Amino acid sequence: MAEKVILVKFGEIAMRGDNQYIFINRLIQAIRRNIDPVGNYYVVREPGRLIVEDRGGEMDYDLVMPRIEPIFGLVAVCPGIRLEEISMAAIKTESLAYMQEMYGDKPMTFKVNARRSNKNFATPSMEICADVGEYILDHMPNMKVDVKNPDVILYVEVRNRIYLYSKIIKTYGGLPYGSSGKGISLLSGGIDSPVATWMMAKRGVEVEGVYFHSPPYTSEWAKQKVIDLAKRIADFTGEFKLHVVPFTDLQLYLLENVPHDKLTIHLKRAMMRAAETIAEQEGAMSLITGESVGQVASQTMQGIYAINAVCKMPVLRPLAGMDKQEIIDIGTKIGTYEISIRPYEDCCTIFVAKHPQVKPRLNVIEKIEQKLTDLDKYLEEAIANREIIEL
């Protein structure tokens, strides 16, 4: 007899030493948060992996796998079976039944990959491979052995229990969500910022988003696009808080009071100040942006320096060394790109200068801002009047 289970493998968590249990506990919490709403499941700890079993009946892979695959900290999930009996006879019988159920009479090549971590089991790994392979060949004439490039690899793991599987579904890796503190991401409707947000979430950072909304210059469709991006990120994180900050009055104030070629720098400095204030209120320790060095005028080294100088918190820029196509590729992979290219502009696009200064001088920027006596008032009003959307 055998029971359907899902083997969950994690990567760098295994190198965490004495702190490993903290990360594993977070993984278990994330898995249970995702699968508990759809059934009665249990997560069993084993060295180097977790086993998800269905206490309510037979495991439905199609239902459960999509809920586990997006969880950060995992490197692979494997739908497989667990044997009730620990014996060589059981391995051969259940391996044959498994291969017949999974692959039928289709002509294929295969090999057996056995790993015996339970040294109390008498048969060594190489002998398990030979015996199981021979048994399958004797009973499935459609199968042929190919040890170099097989169509199917049957994995046999002899641990405290015996597990069989042939599919290894690669996942995103990283660290369990929330294991690396909290950060506030400046989330626009563009291509870059949702990718940056996702990348930091992958590194275990609990992320919240700040979106600067400027009606009537930006439409409700532009706002909805950002909400949809936040929802997509929440598919990976399990939850997401979005702060929608009304920025029209502040932008118009800057438009009237700063040189137009420096407008973008002043606007982004104001955004960073607002985001940092919200971060302090939310208990976050860093800001996250989607800036890529040299991509646009405000992302020159001089522009980044002038913008960054207004912040006390560290600013994480995971896309700093990427080109646009690399960012698009990640956005396509994680499902944000198609949302980002909807034709609704954000406030930075609407208020951008025709000929922005690409090498701003910080002392000049700060001297101009010293004359903006109402800037703090506009910032305080915008932050106080923000809308909070919890997804």
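Residues are classed here as buried at under 20% relative accessible area, as exposed at over 50%, and as partly exposed in between, with a 1.4 Å probe and protein chains only. By this criterion, 53% of the 391 residues of the protein count as buried. The structure is a predicted model, in which local features need pLDDT of at least 70 and side-chain atom pairs count only at pLDDT 80 or more, whereas totals for chains, interfaces and linings use all residues. Residues are numbered from 1 along each chain as its sequence is written, and side-chain values use heavy atoms, with hydrogens and water left out.

The protein contains 14 helices and 15 strands; these are DSSP runs numbered from the N terminus, helices being H or I of at least four residues and strands E of at least two. The radius of gyration is 27 Å, well over the 21 Å that the globule rule gives for 391 residues, so the protein is more spread out than a compact globule. This radius is taken over C-alpha atoms, and the globule rule is 2.2 Å times the number of residues to the power 0.38. Along the principal axes, the C-alpha atoms fill a box of roughly 85 × 35 × 35 Å. The accessible surface comes to about 18,300 Å², and 50% of this area belongs to carbon and sulfur atoms; the areas come from the Shrake-Rupley method with a 1.4 Å probe, and for residues only the protein chains shown count as cover.

Contact denotes heavy atoms within 4.5 Å. Of the contacts with a separation of 6 or more, 79% are accounted for by residues 24 or more positions apart.

In soluble globular proteins, nonpolar side chains tend to be buried together. A nonpolar core is defined as a set of buried Ala, Val, Leu, Ile, Met, Phe, Trp, Tyr and Cys residues joined through side-chain atoms within 4.5 Å. The largest such core has 50 residues, and those with the most contacts inside it are Ile 6, Val 52, Ile 68, Met 99 and Val 156. A second, separate core of 37 residues includes Ala 284, Leu 287, Val 315 and Leu 375. When residues up to four places away in sequence are not counted, Met 99 touches Gly 104, Phe 110, Ile 136, Met 140, Met 143, Val 152 and Leu 154.

Lys 111 lies in strand 5 (residues 108-116) and is partly exposed, with a relative accessible area of 23%. Residues touched by Lys 111, beyond those up to four places away in sequence, include Asp 146, Pro 150 and Leu 154. Lys 111 and Leu 154 are 43 residues apart in sequence, and their C-alpha atoms are 6.3 Å apart in space.

Lys 262 is placed between helix 7 (248-257) and helix 8 (263-282) and counts as buried at 12% relative accessibility. Leaving aside neighbours within four places in sequence, Lys 262 is in contact with Gln 357, Val 364, Ile 365 and Ile 368. The C-alpha atoms of Lys 262 and Pro 360 are separated by 7.5 Å, at 98 residues apart along the chain. Lys 359, in the loop between helix 12 (347-350) and helix 13 (362-369), is exposed, with a relative accessible area of 56%. The C-alpha atoms of Lys 359 and His 139 are separated by 73 Å.
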